[in-house]
Amino acid sequence: MSTSIAPRQPPKKRDWSWRSQYVRGLVYQVVALGAIAFVVWFLAHNTLLNMRTRGIQSGFDFLLGPAGFDIGEMLIRYDALDPYWKAFLVGVLNTLRVAIIGIILTTIIGTLIGIGRFARNAIVRGLCYGYVELFRNVPVLLQLLMWYLLFTEVLPATYEAWNVAQLFFLSKGGIAIPAPVWGLGQGLAALGAIAGLLIAAVYRGWARKRFEATGHALPTIWPSVAIVLVVAFLGWLAGGAPTAWNIPKQGDVMVEGGMIATPEFLAVLFGLVMYTAAFVAEVVRAGIQSVAHGQVEAASSLGLSRGQSMRLVILPQALRVIIPPMTNQYLNLTKNSSLAVAIGYPDVVSISNTAINQTGRAVECIAIIMLVYLTTSLATSAFMGWYNKRAAIKER
Amino acid sequence: MSATFDPIAPRPAPVRTEGFVPWVRRNLFGDIKSTITTVVIALLAVLYLPPLINWAFVQAVYQPDAEACQAARGSGACWGAIVEKYRLVIFGRYPFDDQWRPLLATALMLGLLVASCTRPLWNKWLVVRWLVVLGAFLVLMGGGWFGLEEVSTDQWGGLPLTIMLASLSIVFAFPLAVLVALGRRSHLPAIRTFCTLYVELIRGVPLISVLFMASFMFPLFMPQGMTIDVLVRVLVGITLFAAAYMAEVIRGGLQAIPKGQVEAAQSLGLSYWQTQRKIVLPQALALVVPGIMNNFISIFKDTSLVTIVSLYELTGSTGLAFNSDADWRPFKIEAYLFITAIYFVFCFAMSRYSLWIEKQLNRSRTR
């Protein structure tokens, strides 16, 4: 016969004593939440009290009143009599415009410089290294100020602009370039380009399936380009083949007509692009270095060409390393576009600054700034997160 | 039959692959594309370098003589503008006769920063040293003690302000960042959520909006009758901003510590804080020193933003020195080049140090 020892009771998880980890955790959290709530209440209480005594009004109703100030450049129609919300909208669109164009240019320039660090030519390597070190070690605000100063001091006055073949004009008023007059034909051409992109995507899918089934690789890049161009051209023909261009010309006082980019916009764009490109170059370099050398050797021993091994072997692996830091750089560029306020480019921060000075509603205006940037940041990270998932290794 | 001795032809000497000429041949004229690139770049250099050198050195005006500068405008740089204005650029509006004080204070601070970068001095005395030097810095800058005349903070400016903002915000942000990083990995949901929210909110908005908040909204937050110096408000803003970024760097270090370390510590009976303090943090922090250094570099550059809320650090004091003076205003670009050089020297040195320390710290891992 064996006597069994009664098993000891395991300690209860929710034993209401200080020795229970659960209870201690609960107490810590309650204390922390209480402290945070107290601080928030204290600040809010002070703010309300201060506002009442200083006679500051609050609320977002001012957004409906007339703004009463002019904005230098805008993508939508706006004048001083329009309400504040429209002024803010103009600012947001200006921010997005410089951020989106900036991101595209930064990606191109940064990638080129990053690849240039591996060039066979020593001068190219040296120049790329020098560029990266120079531009990332100087504050971006200072770079913006310098570009703006260059544009406003060094360039010729608007009545004697430099020009190339009477088509492109460069002066203190900015750059003017010819632009097609927007009409039915251009609209149809744009539609055609979009349709061409869809058709090209279908073609690529088909070519890929065929490659997987038969091992016979069809060319994909040039046919895709051709499809897009041909369909866009057909759209243009269907719209009556319009050829009207809005060509800038030298007036008595300033350059007239064409598509004009102001010096403020150019300074912000150049500053942001040159600064961020230095960081992007480093990101690209790190990504390419992270791919093991054996991968390239294996690819060439399989008979892939240089271009194929870059496209099919190196880039897919490098992209996994590149995408997360690249997202950060895109977000940095978008956030740094807020420095436009220093040189008077009417972005959302600059409009808010004017609105604060006119209405005194600092809390609301700063909340709008933060909301705009938070939304863009979250949207960008969501998109890049989706893309990153696509580029990640499919693990089994 | 007599055998004749037929020497075989001597083999050619091996191709030299070391030395200057083979290097040039390989790196500048390796193949046809490389050769073309070299020639094109050389042509561009021949075209554009001489005028640039001409502008920067040969025809430049070195004397603080506004008329000579005006005459040479367009053909030569005016370095005389810097000779004329350098004290205003470097020290801002600080009283002219007392400018030895910011000079001494900055030298002390820089000495401390350099000393903090040497590993033998990474011990508990580091905190004491920082407190002593910070006290000395503030006394020297602000005055009011030891017979030093009082100088209000709105007269502080230039390089001392830049260095002060950068180093103080990093020093204050560090403990906060450690706590937030631990909080983000905590098992307590409320604390984890709060820390995550803080980090993501701050990282989602630009620094300028935080500075606007410090400048426009902080006065409203305070109890009535209580005013806080704008310098302190901006410092708090930058600190909160820097802490969020640094917390992410430290969290990266925490994630790199194997779970076994924590489990071993727990099985030895160490409490949470003992585990973090004695086991996890020493390993994690050593890993992230280069990352923190990069944080410091970006904060150093970002201090230039306080210009926008009217504090005259290096960038702002340059504007201050040149905007109000019609004689010298055309030569602001030379002044900007001057402070560009200052920023570059600081940031480049720090990034080199960051690379060096990374190698030092990784020495135990390389074999």
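Q: At what angle do the axes of helix H2 (residues 84-116) and helix H9 (residues 306-336) of chain A cross?

A: Axes are lines fitted to C-alpha atoms, for helices over the stretch in contact, with angles from 0 to 180 degrees between N-to-C directions. In this predicted model, the two axes come within 10 Å and cross at roughly 140°. That makes H2(A) oblique to H9(A) (under 35 degrees is roughly parallel, over 145 roughly antiparallel, 65 to 115 roughly perpendicular, the rest oblique). Helices here are DSSP runs of H or I with at least four residues, and strands are E runs of at least two, numbered from the N terminus.

Q: Which residues of H2(A) and H9(A) meet?

A: Contact means that C-beta atoms, placed from the backbone, lie within 7 Å. Ala99(A), Gly102(A), Ile103(A) and Thr106(A) of H2(A) meet Tyr330(A), Leu333(A) and Thr334(A) of H9(A).

Q: How many residues does each chain bring to the contact between chains A and B?

A: Chain A gives 45 residues and chain B gives 41. H1(A) supplies the largest share of chain A's side, 13 residues.

Q: How spread out is chain B?

A: The radius of gyration is taken over C-alpha atoms, and the globule rule is 2.2 Å times the number of residues to the power 0.38. For chain B the radius is 28 Å, well over the 21 Å that the rule gives for 367 residues, so chain B is more spread out than a compact globule. Its C-alpha trace spans about 120 × 80 × 40 Å along the principal axes, and its secondary structure is 14 helices and zero strands.

Q: How are residues and chains labelled?

A: Residues count from 1 along each chain as its sequence is written, while chains are lettered from A and ligands numbered from 1 in the order in which they are written. In this predicted model, local features need pLDDT of at least 70 and side-chain atom pairs count only at pLDDT 80 or more, while totals for chains, interfaces and linings use all residues.

Note on methods. Contact = placed C-beta atoms within 7 Å.
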